[in-house]
Amino acid sequence: MRTTLLVYIVVIKGVMTSNNNIFLSNNYSEPKPCLNYCDDYFPQTGYPLKSRILDVMLKTPMYQFEKTTPNIFASFKDNYELPKEFKGPLKEYDFIVVGAGSAGSVLASRLSEGKQVSVLLLEAGQGEAILTGVPILAPMLQRTNYVWPYLMEYQPGVCMGMENGRCFWPRGKAVGGTSVVNYMIYTRGFKEDWDRIAAKGNYGWSYDDVIPYYIKSERAKLRGLNKSPWHGKDGELSVEDVPFRSKLSKAFMDAAKLLGQRQVDYNSPDSFGSSYIQATISKGIRASSARAFLHNNKKRKNLHILTNSRVTRIIIDPYTKTAIGVEFQREGKMYNITAKKEVILSAGPIESPHLLMLSGIGPREHLQSMGINVIQDLRVGETLYDHISFPALAFTLNATRLTLVERKLATLDNVVQYTQYGDGPMSSLAGVETIGYIKTELSDEPGDYPDIELLGSCASLASDEGDVVARGIRIADWLYNDVYRPIENVESFTILFMLLHPKSKGHLKLKSKNPFEQPNLYGNYLTHPKDVATMIAAIRYILRLVDTPPYQKYGATLHTKKFPNCMSYQFNSDAYWECAIRTVTSTLHHQIATCKMGPPQDPEAVVDPELRVYGIKKLRVIDSGVIPQTIVAHTNAPAIMIGEKGADLIKRTWGLL
């Protein structure tokens with residue numbers, strides 16, 4: 001892997017890139033792939049390609065490499081092919097799993113164990129490229145064809161500093177799903193989260209119920225936790241400490257301690273405090289769900305994995321209300337495949353509800369307005385929660401060699417350090433190093449239950465000269481050039497935060513019955529005043545944190561350049577910070593509850609506690625979209641746990657345990 005990566009980097013130097021716009025035809029055909037940065041989503045004005053090694057690594061898409069030199073690069077992408085004796089998919093399988101993401105990968109792997117049943121796993125994206133394994137490239141991956149480039153519908157008063165005033169919601173489109181493009185942060189949720197979910201009638205989902213599934217998946221190598229009963233040692237998913245730590249990571253931990261925070265294992269029941277991040281990496285390489293659960297199992301005769309396969313609807317008998325199979329398009333050909341036992345949607349919190357509605361399962365009036373025959377009236381997509389962040393604080397330093405500065409990072413020495421030893425700055429999670437949970441004075445929760453997650457880093461939006469992180473979240477040129485470009489030559493960092501329990505609730509709807517057209521996504525960010533107040537309280541806490549001696553010994557100073565659209569407010573006033581938060585309103589890709597799990601008496605529930613779609617036989621949803629309420633977690637680990645538990649639920653139903 002590492003030797004191949006080094007060769008790969010050398011070969012790709014000088015490869016030319018090109019632009020192709022994504023399009024949607026009127027006959028519902030598969031859109032062309034989004035190569036490089038689609039003009040629809042990533043205008044390139046003002047950002048010329050550079051010649052440095054890291055830029056070449058970041059800005060040349062895998063698809064273009066294969067197109068340019070297919071004989072060289074075909075082996076550098078993970079390929080999934082049917083066994084040699086099969087010329088195409090079978091007409092019938094026991095189980096069809098739609099989506100090979102964080103949940104779908106583990107689900108298909110577990111169902112195909114023991115060879116008792118046949119499993120078809122369908123994925124709209126492709127296998128991972130070798131560069132997706134490099135942790136520091138995470139923000140850049142969100143500008144490639146490894147994501148669905150979703151855009152939230154325009155909402156006045158949020159994302160004002162983003163391109164065209166719209167929030168960007170990239171979701172993974174690959175074997176491995178969002179675990180291929182995320183920041184690899186491994187968090188399970190607090191004990192209170194899962195106990196509260198169970199207390200609302202979701203039997204089998206208490207903390208004591210779900211923790212065995214987290215442990216089953218995990219192969220942990222974490223300093224000081226070798227004997228912890230809360231971590232698995234024999235699972236497939238590698239969870240490790242990040243090999244690279246800057247001095248600012250220790251400053252975060254020391255400062256948090258001064259403000260009364262304990263150092264904890266946040267993936268144990270004693271979670272409230274601060275910690276170095278536990279990450280889904282293996283010896284410095286990204287450990288995606290696909291790498292963990294499919295790589296060693298993809299040649300099973302009873303597991304067929306088809307990439308570049310776009311499911312367009314679930315085939316449902318409208319009289320018996322039974323899922324029969326799926327319809328999907330692959331390489332210009334349409335297939336109808338039957339499932340003898342079950343169809344399982346694991347397409348994620350946007351595509352799973354999208355497919356349900358296209359198939360006649362959803363809010364009656366909405367489906368009828370789209371000209372879709374209603375098979376089951378359910379409130380699909382009517383609940384949507386998301387974790388939002390404010391990554392725009394910047395603190396400058398009077399010391400050097402403390403932060404990840406792109407021009408210093410993009411050296412052959414660092415590439416060699418990473419490819420040979422799996423450490424150095426390229427093993428960093430794009431600068432994110434530490435995590436902390438706080439409870440602001442606005443919280444009305446009892447006990448140590450946080451409303452804010454802090455993420456300490458050793459980089460800021462200016463550290464890469466605006467080419468990577470800022471562009472990855474689509475910050476507009478007018479904002480970046482005015483506020484951050486002046487500090488590109490100074491070392492700087494940020495501490496960002498996540499609003500854990502937003503009161504604002506979003507939703508999604510069909511844009512049309514064209515399966516290739518993205519649904520309308522409504523975040524409804526910051527529509528509840530408490531969300532704004534809690535985020536301002538988080539900023540106040542961060543300013544106190546950075547004002548402590550561990551940071552002040554490096555001369556950490558808040559960058560006080562006002563946002564151009566907030567000039568009428570006094571800097572550091574609550575009104576100013578509200579304006580700033582509404583200017584840079586960034587998702588952390590944790591959409592949930594669009595296929596909400598709940599007991600029969602819950603009018604918003606789409607699936608029951610065994611993840612079966614209400615009113616439809618032989619159909620389940622098994623992904624993070626079933627999580628019914630906000631949790632203290634990045635959703636990759638919970639999605640994997642849901643895949644583990646969902647596999648057992650299915651096996652129990654069919655006598656396969």
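## Two disulfides

Before we start, keep in mind that this is a predicted model. The structure holds 2 disulfides. As a reminder, a disulfide is a covalent bond between the sulfur atoms of two cysteines.

One of them joins Cys159 to Cys167, with 1.9 Å from S to S.

What does the pair tie together? Cys566 lies in the loop between strand E25 (557–558) and helix H19 (574–583), while Cys579 is in helix H19 itself, so the bond links parts that are 13 residues apart in sequence. Cys566 and Cys579 are both buried.

A couple of other cysteines are worth a glance. Cys458 has a relative accessibility of 0%, so Cys458 counts as buried. Cys595 is buried as well, with a relative accessible area of 0%, and Cys595 turns up again in the next part as a contact of Leu356.

## The nonpolar cores

How many residues does the largest nonpolar core have? The count is 171, and the residues with the most contacts inside this core are Leu356, Phe390, Tyr551 and Phe563. Helix H17 supplies the largest share of the core, with 10 residues.

Let's zoom in on Leu356. Leaving out residues up to four places away in sequence, Leu356 touches Ile314, Leu345, Ile361, Val380, Cys595, Val606, Val613, Leu619 and Val621.

## Empty spaces inside

Now for the gaps. Rolling a probe the size of a water molecule over the atoms shows where empty space is left. For this model, the count comes to 10 cavities of 30 Å³ or more.

Take the second largest cavity, with a volume of about 140 Å³. Of the 13 residues that line this cavity, the closest to its centre are Ser443, Asp451, His501, Lys503 and Lys530. What is the lining made of, by class? There are 4 nonpolar, 3 polar and 6 charged residues in the lining of the second largest cavity. Helix H17 (residues 529–546) shows up again here: the largest share of this lining, 3 residues, comes from H17.

## A last stop at Ala292

Finally, have a look at Ala292, which has its place in helix H10 (residues 289–293). Is Ala292 buried or exposed? Its relative accessible area is 10%, so Ala292 is buried.

Which residues is Ala292 in contact with, leaving aside neighbours within four places in sequence? They are Glu236 and Leu237.

Notes: Residues numbered from 1 in each chain as written. Predicted model: local features only at pLDDT ≥ 70, side-chain atom pairs only at ≥ 80, totals over all residues. Heavy atoms only, no water. 1 Å grid on protein atoms, 1.4 Å probe; cavity = no way out; pocket = protein on both sides within 12 Å on 5 of 7 lines; lining within 4 Å. Points joined across faces, edges and corners; volume = space filled by probe spheres on them. Helix = DSSP H or I, 4+ residues; strand = E, 2+ residues; numbered from the N terminus. Nonpolar A, V, L, I, M, F, W, Y, C, P; charged D, E, K, R; others polar. Disulfide = S-S within 2.5 Å. Buried < 20%, exposed > 50% of the residue type's maximum accessible area, 1.4 Å probe, protein only. Core = buried A, V, L, I, M, F, W, Y, C linked by side-chain atoms within 4.5 Å. Contact = heavy atoms within 4.5 Å.
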